Amino acid sequence: MSAVLRKELYIYFSTPLAYILAAAFLLGNGYLFSVAVLSGQPGILGLTFQDIAVLSLLVTPLLTMRLLAEEGARGTVELLLTTPVSEIGVVLGKFLACLALVGGLLALTVLYPLILLVFGGVDPGQVLGGYLGLFLLATVSVAVGVFVSSLTDSQVVAGVFSFVVLLLLWFLQPISLAVGPPVGAFLAALGLSTHLTALSQGLWTLSDTAFFLSMAAAFLFFAVLSLESRRWR
Amino acid sequence: MIAVSHLSKTYGERRALDDVSFTVAQGEVVGFLGPNGAGKSTALRILAGFLPPTAGEVRLGGVDLFREARAARRLTGYVPEHTPLYPELPVRWYLDHMAALEGVPRGDRRRRVEEAMERCCLAEVAGTFIGKLSKGYRRRVGLAQALVHRPAVLLLDEPTDGLDPRQIVEARELIRELGRDHTVLVASHILAEVSLICRRAIIIQEGRIVAEDSLEHLGLSARPDQTLVRLEVRGPAAEVRSLLEGQTGVAEVRQETGEEPGVVRCLLVVEGRQDSLVREQVVRRVVEAGWEVRSLAAVVPDLEQAFLRLTGDGAA
């Protein structure tokens, strides 16, 4: 697993993609932050976290799309699966490498809450909760990306499809309002944004944390199954 | 070292391998010969532990490939067709990565990587990104990757495909050398290649083994003390034949069907090192007998003919 993790990190940092994405991510966040500050409305911190969350959902598919699709397209998956490394090791190595990178991107945004902390007098607990929420969201979005990337040999298909899946999961809450109970309640419970609300107010609950972690675990499990199925195709 | 018994693989309706059994002894270099689509790659993929077979058993040095998959995968070094690699990684970095995946302990890795690079003559490109290397170098990186954990068995799928003639010669030389320390199975559709690298060949067609023997016994290469000559003569068939058979140095005459009526086509098996003298003498005798020599050519046995003969539908 650690060999896979090391290789993925090496490739991320030796190719321009990660740097370009980091720049675009910060540019987008900086713009949205300045707009929010200039509007002068209350609850700026919550708004900032929401902006970072949505932008991170845009960025992660671009980082995850190559993880397994590229191995399939190049044929290196054949070498990977003929070494003694298990499928779980391969999936976890790739997942952790990408999660570390997304975590790094999120850490770069700490500037905005810091500004609010100094000048706006916001609650440090809320900042902490917000970042925990963003990181938990990243575990799910990276896991979804790894899974989708294992389904196809085309990076473009993987990127677009995982973006669609993440967007759908994100908008389940507004969709649930349109549907109404009882189906709506079920949809809302699956929605990513539903479980971020409390965290972005600085309220940590076990159920929200468990939701994100079990979602991530489920998609990683699917990714392992899908990788194993390559042997049968 | 490799014991394959009753191996079958079906993809949906298609049978890629059909009840294939063979063994390869330790230290042997064996050619796996067959036309494209015969099932060579499928067999190698199964042996490497990538594909599970539909039926059958494989043991590598006594280790069951399917029950003890991890231990068995450690025993094999595999170079898939077209040598897939990561272009973003430098050569040394990549080999270290593969060694780590194969479970080489951290302390030994550096030494093993240097060793593999030395064997495959990669020292001068150790720091170069794989994407910048020529095809010949990439093949060598593929080989080094398969060697880095010192596997007992090497599985090479079309190792010289797409190389230029000089690189092909170098690659064959290298594979022959590797045969000293490893048991090697080379899949190829090029007979000349197999006859240069291997002593024994397993011939496979449509998923079945059609022959398995030393190359000489298969008639795929002339014995070192024999040469094959094809001769076309315009003249009466029976008399031409008996004249040719009477020549010293001619061990055997096989008549083939000619394309033109009145022209006799024969394959002569010439013995001894004096084959050029024998050829001259044969031509002189034929001309003296008043017949015309249409053509005379040294024959390199080729796979297609061998297949036709071995599979029995080769009367022509």
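**Exercise 1.** Work out how many residues of strand E11 of chain B are buried, and find the strands that pair with E11(B).

*Solution.* Start with burial: 7 of the 9 residues in E11(B) (residues 226-234) are buried, so the rest of the structure largely encloses this strand. Buried means under 20% relative accessible area with a 1.4 Å probe, protein chains only; strands are DSSP runs of E, at least two residues long, and helices are runs of H or I, at least four, both numbered from the N terminus.

A quick note on the model: it is predicted, so local features need pLDDT of at least 70 and side-chain atom pairs 80 or more, while totals for chains, interfaces and linings use all residues. Residues count from 1 along each chain as written, chains are lettered from A and ligands numbered from 1 in written order, and side-chain values use heavy atoms, without hydrogens or water.

Next, the partners (pairing takes at least two DSSP bridges). E13(B), residues 263-271, runs antiparallel to E11(B) over 9 bridges, with Leu228(B) opposite Val269(B). E14(B), residues 292-298, is also antiparallel to E11(B), over 6 bridges, and here Val229(B) faces Ala298(B).

**Exercise 2.** Describe how chain B meets chain A.

*Solution.* First, count contacts (heavy atoms within 4.5 Å): 30 residues of chain B touch 27 of chain A.

Methods. Buried means under 20% relative accessible area, exposed over 50%, partly exposed in between (1.4 Å probe, protein chains only).
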